[in-house]
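Okay, everyone, let me put this one up on the screen.

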Amino acid sequence: MNIKLVAILLLGLCVFSCGMLAACTGRNQTLPHQLVLQKPATLNHSGQIIWQMDSPKTVYLTFDDGPDPVNTPIILDILKKYNVKVTFFVLGHKAQKNPALIKRIKYDGHILGNHTFTHIDGTVVDLKKIRAEINSTHQLLQTICGVKVTLFRPPFGFFNWRVFAAAKSRGYQIALWTFDLSDWSVHSSDQYVKTVAENLADGAIILMHDGGPKREALIEALPKIIELIKKRGYKFSNCF
Ligand SMILES: [Zn+2]
């Protein structure tokens, strides 16, 4: 076993341990989305959990908690106008109610990710339950649009060994995020643009939400965010 491989294994073990610790301590947090690590680790090809991609001058936009019958079509229109491809981490129960939106997300060239069926905190349920949440969403998306989804994002960013095992047993890569816009608590388009301007980095995965209430500010900010990212010389990708 060479030194590089040992280093990768140790890094992976460290990150996984930190994640489990954060997941445990994070249970008492009231925030709907909490970063697992304060400082994102760059870990993709060598590990199982992605916080940031190893991709120069590339940004990954991600939208969680949809599809939403009001917000998602508007966001899809904006993305189409700017020819930006992103990833939607969808909830099974919302996909069930909005299958046409799931088909449109796929048709428009975006990637679908699994975000569980009911937005459950997988760290407080048993393995059978978290498996059922992942599997039912997986099968539903396959039924709706024939896509075998390979990306999983645990709700709240919380995970422990059960969540990890359930996702991996289905062949999922776990994708978290580098920074988020706090659009679940802050509703200011100027603040969203400022957050992106201050945190933009190579391979950054940006978390936003198409699902949930009060998304007007995000919809207003999205064109400005896309223009800012392009102006800084970054390209967009949804290839994890
Ligand atoms: Zn979520």
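This is a predicted model: local features need pLDDT of at least 70, side-chain atom pairs count only at pLDDT 80 or more; totals for chains, interfaces and linings use all residues.

So, we have eight helices and nine strands in this protein. Residue numbers start from 1 along each chain as its sequence is written.

How much of it is buried? Of the 240 residues, 44% count as buried. Buried here is 20 or more other C-beta atoms within 10 Å of a residue's own, exposed is 12 or fewer, and partly exposed is in between, with the C-beta atoms placed from the backbone. And among contacts between residues at least 6 apart in sequence, 78% join residues at least 24 apart. A contact is two C-beta atoms, again placed from the backbone, within 7 Å.

In soluble globular proteins, nonpolar side chains tend to be buried together. The largest nonpolar core in this model has 57 residues, and Ile50, Leu112, Ala167, Ile174, Ile205 and Ile206 have the most contacts inside it. Helix 8, residues 216-231, gives the most to this core, with six residues. By nonpolar core I mean a set of buried Ala, Val, Leu, Ile, Met, Phe, Trp, Tyr and Cys residues joined through C-beta atoms within 7 Å.

Let's go to helix 2. Which of its residues are buried? Asn71, Thr72, Ile75, Leu76 and Leu79 are. They cover an arc of only 125° around the axis, so they sit on the same side of helix 2. That arc is taken from the directions from the helix axis to the C-beta atoms. On the face turned away from that buried side you find the exposed residues Asp77 and Lys81. As for partners, the buried residues of helix 2 pack against strand 2, helix 4 and helix 8.

Let me stay with helix 8 as a partner. Two packed helices are described by the angle between their axes and the distance between the axes. For helix 2 and helix 8, the axes come within 10 Å and cross at roughly 10°. The contact is made by Asn71, Ile74, Ile75 and Ile78 from helix 2, and by Ile219, Leu222 and Pro223 from helix 8. The axes are lines fitted to C-alpha atoms, for helices over the stretch in contact, and the angles run from 0 to 180 degrees between N-to-C directions. Helix 2 and helix 8 are therefore roughly parallel to each other; under 35 degrees counts as roughly parallel, over 145 as roughly antiparallel, 65 to 115 as roughly perpendicular and the rest as oblique.

Helix 7, residues 189-199, buries Tyr192, Thr195 and Val196. Looking down the axis of helix 7, those buried residues fall within an arc of 95°, so they line one face of the helix. Asp190 and Glu198 are exposed on the face turned away from the buried side. The cover over the buried residues of helix 7 includes strand 8 and helix 8.

What does valine 196 touch? Leaving out residues up to four places away in sequence, valine 196 touches Ile206, Ile225, Leu228 and Ile229. It is buried, with 23 other C-beta atoms within 10 Å. Valine 196 and isoleucine 226 are 30 residues apart in sequence and 9.7 Å apart in space, C-alpha to C-alpha.

Most residues other than glycine have a negative phi, and most peptide bonds are trans. In the loop between strand 2 and helix 2 sits aspartate 65, with a positive phi of about 75° although it is not a glycine. Aspartate 65 is buried, with 23 other C-beta atoms within 10 Å. A cis peptide bond, omega about 0°, joins glycine 66 and proline 67. Proline 67 is in the loop between strand 2 and helix 2. The C-alpha atoms of proline 67 and proline 99 are separated by 8.8 Å, though the two are 32 residues apart along the chain. Just after helix 2, asparagine 83 takes a positive phi of about 55°. And phenylalanine 156 has one of about 65°, in the loop between strand 5 and helix 6.

Notes. Helices (H or I, at least four residues) and strands (E, at least two) are DSSP runs, numbered from the N terminus.
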